[in-house]
Amino acid sequence: MINEWLIGGLLFGFLGSAHCVGMCGPIALALPVNTMQGIKKYAGIFLYNVGRTIVYVLLGSIVGFFGKLAGLVGFQKWLSVITGILIIAAVLIPKVRNKLNSWQAFPSNRMGVIVKPFKKLMRKDSVSALFAIGLLNGLLPCGFVYMAIAAALNTGSTISSMVFMTGFGFGTMPAMIAVALSPGFLSLEMRRKIQKFLPWATIALGLILIYRGLFMMGGH
């Protein structure tokens, strides 16, 4: 089952990479790597993405713990169905989607604790600074990450949740690394076309969670 959650996380992260490029792309483009050369530059960009992933995994451990508790009290199947419905609602119902978007705007005026050190680190050109930037980046609210966390909540165990979020983080890496190394990697028009696919992938995730919950209700 662990392998399935890892593959699921990788696929979800990879298919939703266009959203990452749109939301975190400006950060990747602004990374202080212009003065770096060779292996140092590549290592810095990679560690920035590793930093993001580590935070995702830690978040996965938290929601996985609560997901496990839900399973112990017999609520896991209902949690899966409810989460799936909410995920689909976030795509299809404008009011729910707008609420999710408002949460993404949260850091602009209320997250100075993260934004201030973030700006300070962006002025440094060390590999360790890039890793720290990745850690802080992982804490910034993001609707796409919320969706991944919602899925991780339903894995049924802390380990499975962490595995899913690990896959998710690594699934987003190819696009994010490509953007940092080559700003013209994806044109605006291409990003728009890819992003049109994201709602369908999100709905598919919601349907899978609903099916999983209903399947569990059948005694399996």
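This is a predicted model: local features need pLDDT of at least 70, side-chain atom pairs count only at pLDDT 80 or more; totals for chains, interfaces and linings use all residues.
Local features need pLDDT of at least 70 and side-chain atom pairs pLDDT 80 or more, while totals for chains, interfaces and linings use all residues. Residues are numbered from 1 along each chain as its sequence is written, and side-chain values use heavy atoms, without hydrogens and water.

**View 1. The largest nonpolar core has 46 residues.** A nonpolar core is a set of buried Ala, Val, Leu, Ile, Met, Phe, Trp, Tyr and Cys residues joined through side-chain atoms within 4.5 Å; buried means under 20% relative accessible area with a 1.4 Å probe, protein chains only. Leu31, Ile133, Met165 and Phe168 touch the most other members. Helix α9 (residues 143-153) gives the most to this core, 9 residues; helices are DSSP runs (H or I, at least four residues) numbered from the N terminus.

**View 2. Helices α9 and α10 (residues 158-181) cross at roughly 150°.** Their axes, lines fitted to C-alpha atoms over the stretch in contact, with angles from 0 to 180 degrees between N-to-C directions, come within 9 Å. The two helices are therefore roughly antiparallel (over 145 degrees). Phe144, Val145, Ala148, Ile149, Ala151 and Ala152 of α9 contact (heavy atoms within 4.5 Å) Ser161, Phe164, Met165, Phe168 and Thr172 of α10.

**View 3. Helix α3 (residues 38-72) packs on helix α8 (residues 127-137) at about 30°.** The axes are 7 Å apart. This angle makes α3 roughly parallel to α8 (under 35 degrees). Residues in the contact include Tyr48 and Arg52 of α3, and Phe131 and Ile133 of α8.

Conventions:
Buried means under 20% relative accessible area, exposed over 50%, partly exposed in between (1.4 Å probe, protein chains only). Angles under 35 degrees count as roughly parallel, over 145 as roughly antiparallel, 65 to 115 as roughly perpendicular and the rest as oblique.
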